[in-house]
Amino acid sequence: MRHLMASPSVFLLLRSGDDWWDEVNNSVLWQDRIFHTLAVLYGLMFAVALIQIVRMECRASEFGWTTQKVFHLLNFLVNGVRSLIFVFHWRIDEIQPEVRLGSHLAFF
């Protein structure tokens, strides 16, 4: 049986592999691709949730809004917003939501 021995260049390559995070973290192109991939994946989940809501409503519309329909509606909304956030990730810092103090709703 033949033993495979790694050459010293393989060890240097593995040791220099620690810098991959710095390369990805400092690359705008890598970050854009990652954010757009996440946007597409959340968009797929958004579409699946919408299809499920429509399918359930067509098959069982006489039951009204069941727990399962509400669950898929919330998935539809959350994944749609997440997808948009990842698409427009470069403008996230410009979003300034209006917060009204004195409202009778308290969120913690």
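Colleague: What pattern does the protein chain follow when you read along the sequence?

Modeller: In this predicted model, the protein chain reads α-α-α-α. Its secondary structure comes to 4 helices and 0 strands.

Colleague: Which residues of H3 are buried, and what covers them?

Modeller: Ala39, Tyr42, Ala49, Gln52, Ile53 and Met56 are the buried ones in H3. Their cover includes H4. Here's a handy bit of background: an α-helix has 3.6 residues a turn, so residues three or four places apart point the same way.

Colleague: What makes Ser83 buried or exposed?

Modeller: Ser83 has a relative accessible area of 13%, and buried means under 20%. Ser83 is therefore buried. You'll find Ser83 in helix H4. Leaving aside neighbours within four places in sequence, Ser83 is in contact with Ala39, Tyr42 and Gly43.

Colleague: Tyr42 again! Why is the pair of Tyr42 and Phe86 called stacked?

Modeller: There are 3 aromatic pairs by the rule used here. For Tyr42 and Phe86, the ring centres are 5.8 Å apart and the planes are at 5 degrees. Centres have to lie within 6.5 Å for a pair, and planes under 30 degrees apart count as stacked, so this pair is stacked.

Colleague: What does that pair tie together?

Modeller: Tyr42 lies in helix H3 and Phe86 in helix H4, so the pair ties together parts that are 44 residues apart in sequence. Both Tyr42 and Phe86 are buried. Ring pairs also link Phe35, Tyr42 and Phe86 into a cluster.

Colleague: What makes Glu57 and Lys69 a salt bridge?

Modeller: The closest N and O atoms of Glu57 and Lys69 are 3.1 Å apart. The cut-off is within 4 Å, so the pair counts as a salt bridge. The pair links distant parts of the chain, with Glu57 in helix H3 and Lys69 in helix H4, 12 residues apart. The count by this rule comes to 1 salt bridge.

Colleague: Why is Val54 called partly exposed?

Modeller: Val54, in helix H3, has a relative accessible area of 45%. Exposed needs over 50% and buried needs under 20%, so Val54 is partly exposed. Val54 and His72 are 18 residues apart in sequence and 9.9 Å apart in space, C-alpha to C-alpha.

Colleague: What makes Trp65 exposed?

Modeller: Its relative accessible area is 54%. Exposed means over 50%, so Trp65 is exposed. Trp65 sits in the loop between helix H3 (28-59) and helix H4 (67-87). Along with Val70, Leu73, Leu74 and Leu77, Trp65 makes a nonpolar surface patch of about 460 Å².

Colleague: And how much of the protein chain is made up of buried residues?

Modeller: Buried residues make up 16% of the 108 residues. The protein chain exposes about 9900 Å², with carbon and sulfur atoms supplying 67% of it.

Technical notes. Residues numbered from 1 in each chain as written. Predicted model: local features only at pLDDT ≥ 70, side-chain atom pairs only at ≥ 80, totals over all residues. Heavy atoms only, no water. Patch = residues over 30% accessible without salt bridge, like charges linked within 9 Å, V, L, I, M, F, W, Y side chains within 5 Å. Areas by Shrake-Rupley, 256 points an atom, 1.4 Å probe, with all protein chains shown as cover. Salt bridge = Lys/Arg side-chain N within 4 Å of Asp/Glu carboxyl O. Helix = DSSP H or I, 4+ residues; strand = E, 2+ residues; numbered from the N terminus. Buried < 20%, exposed > 50% of the residue type's maximum accessible area, 1.4 Å probe, protein only. Phe/Tyr/Trp six-rings, centres within 6.5 Å; stacked < 30°, edge-to-face > 60°. Contact = heavy atoms within 4.5 Å.
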